[in-house]
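Q: Please go through some of the labels used for this model and say what backs each one.

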Amino acid sequence: MTTVTAEPLVGPARIALNHSDSSIHDPEHAKKLGFRGSAVGGNLHLDLFAPLLVRTYGREWFERGALSLYFLNIVVSGESVQAVVEAPPAPGAQTRIFAQCADALGFRVCEGTASIGDHSHSELATRDLKTCDEAELRMLKGVSPGQALGRAEASVRAADQAAQIASGSINEPMDWYHDASPWGGPIASVGQTSALMFRLLVGDGVRHHHERISPHIGDASGMFGAFEIAYVNGPVFLDRPYVVEGTVVGVGQSPKTEYLWWDATARDEKGAVIVRMRHLLRFLKASSPLYPELAPA
């Protein structure tokens, strides 16, 4: 049953913790690149919204709902973050959502939309992907919209999700992630659903996801800039195989990064689309030997 309230739903403050010490997640490396400290991956904030979106749209949100977020600021490991879901203007209508630092409420981590059924006007669906002249790119040289990123079979393992919950990586766990759910067995969290899609980029024995995109990226540091997770025939179940396919939908650059927009789709064994993802992956120019003029001192 859908619940609509006049006031925004505000989630509890949760400590954002890194569980990696590589790249921008290493405090010293992050500071050399201009960050305040060890940067927390944007995917670790996705699970904050799920309980609030179920309260807003009902359990159907895990079946055909979406959250669509553009990241505005980096969170440093150890800082508190909370999710906010504004009341929809009408039952079932798209609404605005954002995450903020709990100790500095004016500091927005990300903002965007939540919806159910129709996601055509979501934050990322309506955002200009800002493609640029290919000649301007160095790390993403030769990468263009329409480029296929391959196909892989992947699953969310129950043991892996349990370990993520135990470590605090899933910072807002729900009973449905490890016990019976309205659909029978336990389901994948929103964050683990995004990880399912990312298995596409680390398959076939590649050293890291950069290699599947372009050989020019090398060891440049990457960071997540935006996420949209849109369920079509959800939820995603644990220990069940899915076929994931991906495509480049935009490339561009900013003064500090080159960036890639890509879409991924996960299908079940019958070929039905279960979930879609749109993602923005940024590569820091200062971390690449292709930009010696921007190298940290």
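A: A residue counts as buried when its relative accessible area is under 20%. The model is a predicted one.

Q: Which residues of helix 2 are buried?
A: Ala-50, Leu-52, Leu-53, Val-54, Thr-56 and Tyr-57 carry that label in helix 2.

Q: Why is Ser-189 called buried?
A: Its relative accessible area is 0%. The cut-off is under 20%, so Ser-189 is buried.

Q: Where does Ser-189 lie, and what does it touch?
A: Ser-189 sits in the loop between helix 4 (158-167) and helix 5 (190-198). Leaving aside residues up to four places away in sequence, Ser-189 touches Asp-47, Gln-161, Ile-170, Tyr-177 and Tyr-231. Contact here means heavy atoms within 4.5 Å.

Q: How many residues in the lining of the second largest pocket are nonpolar, polar and charged?
A: The lining divides into 5 nonpolar, 2 polar and 4 charged residues. Among the lining residues are His-119, Glu-228, Asp-263, Thr-265, Arg-276, Met-277 and Arg-278. Strand 8 (222-231), strand 10 (257-267) and strand 11 (273-284) are the elements that each give two or more residues to this lining.

Q: What makes Arg-276 a charged residue of that lining?
A: Arg-276 lines the second largest pocket. Arg is counted as charged, so Arg-276 falls in that class.

Q: How much space lies in the second largest pocket?
A: The second largest pocket holds about 190 Å³ of space.

Key:
Residues numbered from 1 in each chain as written. Predicted model: local features only at pLDDT ≥ 70, side-chain atom pairs only at ≥ 80, totals over all residues. Heavy atoms only, no water. 1 Å grid on protein atoms, 1.4 Å probe; cavity = no way out; pocket = protein on both sides within 12 Å on 5 of 7 lines; lining within 4 Å. Points joined across faces, edges and corners; volume = space filled by probe spheres on them. Helix = DSSP H or I, 4+ residues; strand = E, 2+ residues; numbered from the N terminus. Buried < 20%, exposed > 50% of the residue type's maximum accessible area, 1.4 Å probe, protein only.
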